[in-house]
Amino acid sequence: MSARAYLLGFICCLFSSLAGASTQIFKESAAPTLEIRNYPIQAVNNSGSEYQFVLSVLGADQPEGFLPLLAIGARKADGENHWLALWNLSHTPPSAWQRVRAGLGVPGSPRGSKPSTTLSFNDFPEPCLSLRSLRAGVWTRARWTIIDQTIRYSGFVSPARFFVNNYANNGADLEERRFHQTYTLLELYEAISHTDPTPDHLSVAEIMEIKYHLLVNRRLSGLFLPRESVNEVVQRFESHLRSQSGNTASYLHAHANLYRLGLEEIDFGLPGRVPICRGALLSMRGSALPAELPKWSKRNPFDLDYNPFEKPAIRELIEKYPDEDIPLAFYVLASEYQLKPILVADFFKRDGGIKRESSHVWRVTLDQALEMTNIPLLYRALGRISGYALNKKDYSRFSRRSTAAGVEPVRLFARLDWNFDPDTNDLLVTALDKRRANPLAASVHLEDQAATARLESLLAGQGGQLATYLRRLFEDEVRSTLKLGSRAIFDRDLVQFEAEQQYREALRLVREFGADTNLPAQSWDTILNAWELVRSKGVPRSAEVKRFVDRLRRMEASGIPTDHRAAVTRILNDDLALTKVRNARPPSD
């Protein structure tokens, strides 16, 4: 823990002009108090009955007041909340100058504390995801692709295509960063609701469904994914992130041992739960160094531009503190690189992060500039080969690989004063912002201002606008489910809608049970009740029904609880009798 204790002192020494400042010991701070506040919302339907909605807000209880982060609009029914809309309250619209820079492809830094527009109470914030716009991100990407190809083949001037492509690439990068921030907030919401459960919180199943829609909204292939693959898609994504972070940590540990350096992993998340993201602190201790120092290559696994064994500033600190860990760099372990971590803060070369991220933006801009010209195929092929080589070798400069998967979650935790004291986290946020060279990005201070203003706007007028918006979302879902067109919704429609929702949920459970080869995730009572509801509808012997029965037939008797063996036997006998009847039926002419 000594590396963490001296972290702020060394950053202060190295990031400020006071080179002679003495090191100071700072203790780790406790994680901030996260809480979920639920605001009830009512709306009246056409029959005079009340809709019961709730706005569930995740935020941090800070000394300055409550900082809202995430808001979920949901409908209360049968003791459960069903999500309708999701707001990442920190989203801020870019200014006009930011949009111009994005079109020109010029790297920028996060916009400061002055908002481009003031959000009034009459400005209702659009959600980042709702039942009405489940695939909005996919269609946005499709529209940009259509515009690009239209400009390309319609004979318009090439600079127009250059501007459009640059803006689209910067916009896609910003959306990717917002996705990782929103996904991290959802994981925090899920962890808090598990730690302190109440009926007003959204269930794990609802959170999983929101995560699923966020994931499939990132790619055009999301248009073709079935709704039944919710758990599979989410688990595959989270397993990939954990696996990638673990591989990168092993890579760093192996090379740190080889070079006689120290490495301490830093977990970000709630105590007692799986870390949401991970970082690492590279350090050096003078007393642990061998007499013959290891050879240091210019292209080293730590992405450092200097030899730490020979740098005068480091040598001076080692001689002064031979038994203390001297922090060299702070890394984030999740990214699109194969194994190399993201260098966030190089404590002895402050401009490393911004140069790497700016080179990423310039690489994209250069690719777009080359697209404007009539360069022969040979040069285009050389560009492709060089890009492949950079990515294969995990070269961090001029790479098109994104760092958002690691930078955004850690930046969120630093913004909430997690793990370290506020001063250290402020400096960590500054270093992380240098890994955000996107000209459309906003600063932490501006995001905090936007979050407070957006929540106030949602709750303005006792939530009148929000109630109207949630009512429209819910009634649109009823019309879509029951195929009612655009007519008004009444109480009888709601009864029919609830019955249809129960049937669809039962059919989903039957499909999941038949497709899953592991032990059932649901209780046997839930599975058998779902089967009875599906069979009561007179569903024909479809593939899902056949898989359900086949799985029951393959299960050992010991795998079925004693109280439910009779019900399982009855299902198998009924299916066998139905099969015999069908086989005995004479063929039609």
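## Basis of the description

Because the model is predicted, local features need pLDDT of at least 70 and side-chain atom pairs count only at pLDDT 80 or more, while totals for chains, interfaces and linings use all residues. Residues are numbered from 1 along each chain as its sequence is written, and side-chain values use heavy atoms, with hydrogens and water left out.

## Helices H11 and H12

Helix H11 (residues 404-415) packs with helix H12 (residues 422-433) at an angle of about 155 degrees, and their axes are 9 Å apart; helices here are DSSP runs of H or I with at least four residues, numbered from the N terminus. The two helices are therefore roughly antiparallel, a term for angles over 145 degrees, and their crossing is left-handed.

The contact, meaning heavy atoms within 4.5 Å, is made by Val407, Val410, Arg411, Ala414 and Arg415 of H11 and by Asn425, Leu428, Val429, Leu432 and Asp433 of H12. Sorted by class, the contact of H11 with H12 holds six nonpolar, one polar and three charged residues.

## Helices H14 and H15

Helix H14 (residues 460-482) and helix H15 (residues 491-515) pack at an angle of about 70 degrees, with their axes 10 Å apart. That makes H14 roughly perpendicular to H15, the term for angles of 65 to 115 degrees, and the crossing of H14 and H15 is left-handed.

On the H14 side, Phe474, Glu477, Val478, Thr481 and Leu482 meet Asp493, Leu494, Gln496, Phe497, Glu500, Gln501 and Arg504 of H15. The contact of H14 with H15 divides into five nonpolar, three polar and four charged residues.

## Aromatic pairs

Rings of Phe, Tyr and Trp (its six-membered ring) pair if their centres lie within 6.5 Å, with planes under 30 degrees apart counted as stacked, over 60 as edge-to-face and the rest as tilted. The count by this rule comes to 18 aromatic pairs. In one of them, the rings of Phe179 and Phe237 have centres 5.8 Å apart and planes at 70 degrees, so the pair is edge-to-face. This pair links distant parts of the chain, since Phe179 lies in helix H5 (residues 158-195) and Phe237 in helix H7 (residues 230-258), 58 residues apart. Phe179 counts as buried at 6% relative accessibility, and Phe237 also counts as buried, at 14%, where buried means under 20% relative accessible area (1.4 Å probe, protein chains only).

Another edge-to-face pair joins Trp296 and Phe309, with ring centres 5.8 Å apart and planes at 85 degrees. Both Trp296 and Phe309 are buried. Ring pairs also link Tyr51, Phe53, Phe474 and Phe497 into a cluster.

Note on methods. Axes are lines fitted to C-alpha atoms, for helices over the stretch in contact, and angles run from 0 to 180 degrees between N-to-C directions. Angles under 35 degrees count as roughly parallel, over 145 as roughly antiparallel, 65 to 115 as roughly perpendicular and the rest as oblique. A crossing is left-handed if the near helix is turned anticlockwise from the far one by less than a right angle, and right-handed if clockwise. Ala, Val, Leu, Ile, Met, Phe, Trp, Tyr, Cys and Pro count as nonpolar, Asp, Glu, Lys and Arg as charged, and the others, Gly among them, as polar. Buried means under 20% relative accessible area, exposed over 50%, partly exposed in between (1.4 Å probe, protein chains only).
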